[in-house]
Amino acid sequence: QVQLVESGGNLVQPGGSLRLSCIGSGITFSRSVMSWYRQAPGKERELVAGITPPGHIINYPDSVKGRFTISRDNAKNTVFLQMNSLKPEDTAVYYCRAGYGGTDYWGQGTQVTVSS
């Protein structure tokens, strides 16, 4: 039974920071490609960042590059997304994704709202 649980979403002022966490279970986490996606109301879900089991970064879109950092701790079955210098346009539901055994698994998402 695969389960991905995100946490850390909150209301934050522009320029603030948040750190999202995603804990995986029912999966060989150390062999899974982990990613963060986000989806704002009325918009398509977009990739924010991905990371391979060895820790290689897949990509950062220009909209978050230099502000967001993805990392993982395989010993704790956890992937993180550090978000700095947050902007109102970063407001979205952030989802954790695991790729393993040819299948994608998704968490329920955590809400990030950037507003003054």
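User: Why is Cys22 called buried?

Analyst: In this predicted model, Cys22 has a relative accessible area of 0%. Buried means under 20%, so Cys22 qualifies.

User: What makes Cys96 buried or exposed?

Analyst: The relative accessible area of Cys96 is 0%. The cut-off for buried is under 20%, so Cys96 is buried.

User: How do you know that a disulfide joins Cys22 to Cys96?

Analyst: The S to S distance for Cys22 and Cys96 is 2.1 Å. A disulfide needs two cysteine sulfur atoms within 2.5 Å, so the pair counts as one. The structure holds one disulfide.

User: Which parts does the pair tie together?

Analyst: Cys22 lies in strand S3 (residues 18–25). Cys96 lies in strand S8 (residues 92–100). The pair therefore ties together parts that are 74 residues apart in sequence.

User: Why is the disulfide of Cys22 and Cys96 called left-handed?

Analyst: The torsion about the S-S bond is about -80°, so the disulfide is left-handed.

User: Now Gly50. What makes Gly50 buried or exposed?

Analyst: Gly50 has a relative accessible area of 0%. Under 20% means buried, so Gly50 is buried. Gly50 is found in strand S5 (residues 46–51).

User: Which residues does Gly50 touch, leaving out those up to four places away in sequence?

Analyst: Contact takes heavy atoms within 4.5 Å. On that basis Gly50 touches Met34, Ser35, His56, Ile57, Ile58, Asn59 and Ile70.

User: What separates the C-alpha atoms of Gly50 and Val79?

Analyst: The separation is 9.8 Å, with Gly50 and Val79 29 residues apart along the chain.

Methods:
Residues are numbered from 1 along each chain as its sequence is written. This is a predicted model: local features need pLDDT of at least 70, side-chain atom pairs count only at pLDDT 80 or more; totals for chains, interfaces and linings use all residues. Side-chain values use heavy atoms; hydrogens and water are left out. Helices (H or I, at least four residues) and strands (E, at least two) are DSSP runs, numbered from the N terminus. Buried means under 20% relative accessible area, exposed over 50%, partly exposed in between (1.4 Å probe, protein chains only).
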